[in-house]
Amino acid sequence: MEPEGGWGAVAAMAEPEPVSLAPGEDQEFSSLAGFFRTLYKILFRPGEFFQALGREGWAGPMAFALIVSSAGLLGALFWQLLVLAPAGASLGDIAGLLPFQGLGPGLLMAMMAVSPVLVLVNLGVGGICWWGSVALVGAGREFTPAWRIFCYAQAGMALGFIPFFGLPVAGIWVLALMYCGVKQVYGISAMGSLVALALYLALQVLLALTLLLGLVGVMAGLGFLLLLS
């Protein structure tokens, strides 16, 4: 008969390794409690959070990023509207320093209405750029781990609620969290993490320029057709 200890050893070997979950993905917490625990850990203990982060699951991180980013964008737009409102006329001296200073109240309100759509587009495009950047530095070609880092790094968008200058601060904090995430999850060097971040920013700029040139080309083509008609 096989020794009892032998069966225990076989059973222990057969058990799958436990998967580390973000608090928001852990069924022991309610959705609201898990959300705020996740937000707290990312903002105040990012190294600990990303070091224990698992590599599976995309829906939970996306929902988290959608909520935080939408709320942060709404907060930033609200402060811009406050500056443009008559009651905030005395704040006009700082209006030129705000991210959306060239936009009128109507356009700002329209952006607030479609903020979840804007955030979804940003998540999709940014997530792909980040995945490509991580793959280029040789950290890994799997999409899901890079996607999870990118989505949870959007916790920095909560800083968009800081009056007037929240959006620039939030953007810097998101980049810092992405750096911390790729360094901890993939275990690459600080230089490799910085290179991944630099590649991500370069891809974003390249994509923006491509879209801008495409838009200019379309408008030029339409103008030429109008001249011929």
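1. Lys-41 counts as partly exposed, at 24% relative accessibility. The bands are these: buried is under 20% relative accessible area, exposed is over 50%, and partly exposed lies in between (1.4 Å probe, protein chains only). Glu-48 is also partly exposed, at 41%. Lys-41 and Glu-48 form a salt bridge, with the closest N and O atoms 3.3 Å apart. The rule asks for a side-chain nitrogen of Lys or Arg within 4 Å of a carboxyl oxygen of Asp or Glu. By this rule the count is one salt bridge.

2. A note on the basis. This is a predicted model, where local features need pLDDT of at least 70, side-chain atom pairs count only at pLDDT 80 or more, and totals for chains, interfaces and linings use all residues. Residues are numbered from 1 along each chain as its sequence is written, and side-chain values use heavy atoms, without hydrogens and water.

3. Aromatic pairs number 11 across the whole structure. Phe-78 and Trp-79 make an edge-to-face pair, 5.3 Å centre to centre with 65 degrees between the planes. Phe-143 and Trp-147 are stacked, at 5.7 Å and 25 degrees. Criteria: ring centres of Phe, Tyr and Trp (its six-membered ring) within 6.5 Å; planes under 30 degrees apart are stacked, over 60 edge-to-face, the rest tilted. Ring pairs also link Phe-35, Phe-36, Phe-49, Phe-50, Phe-64 and Tyr-152 into a cluster.

4. Helix 8 spans residues 143–153, and nine of its 11 residues are buried. Helices here are DSSP runs (H or I, at least four residues), numbered from the N terminus. Phe-143 and Trp-147 both lie in helix 8, four residues apart, about one turn. Trp-147 is buried at 7%, whereas Phe-143 is partly exposed at 34%. Tyr-152 and Arg-148 are among the buried residues of helix 8.

5. The largest pocket has a volume of about 480 Å³. On a 1 Å grid over the protein atoms alone, a pocket is an open set of points where a 1.4 Å probe fits, with protein on both sides within 12 Å along at least five of seven lines; lining residues have an atom within 4 Å of a point. Grid points are joined across faces, edges and corners, and the volume is the space filled by probe spheres set on them.

6. The lining of the largest pocket has 17 residues; Asn-122, Gln-154, Met-157, Leu-167 and Gly-171 lie nearest its centre. Helix 9 gives the most, with five residues. The lining divides into 12 nonpolar, five polar and no charged residues. Nonpolar covers Ala, Val, Leu, Ile, Met, Phe, Trp, Tyr, Cys and Pro; charged covers Asp, Glu, Lys and Arg; the others, Gly among them, are polar.

Terms used:
Helix = DSSP H or I, 4+ residues; strand = E, 2+ residues; numbered from the N terminus.
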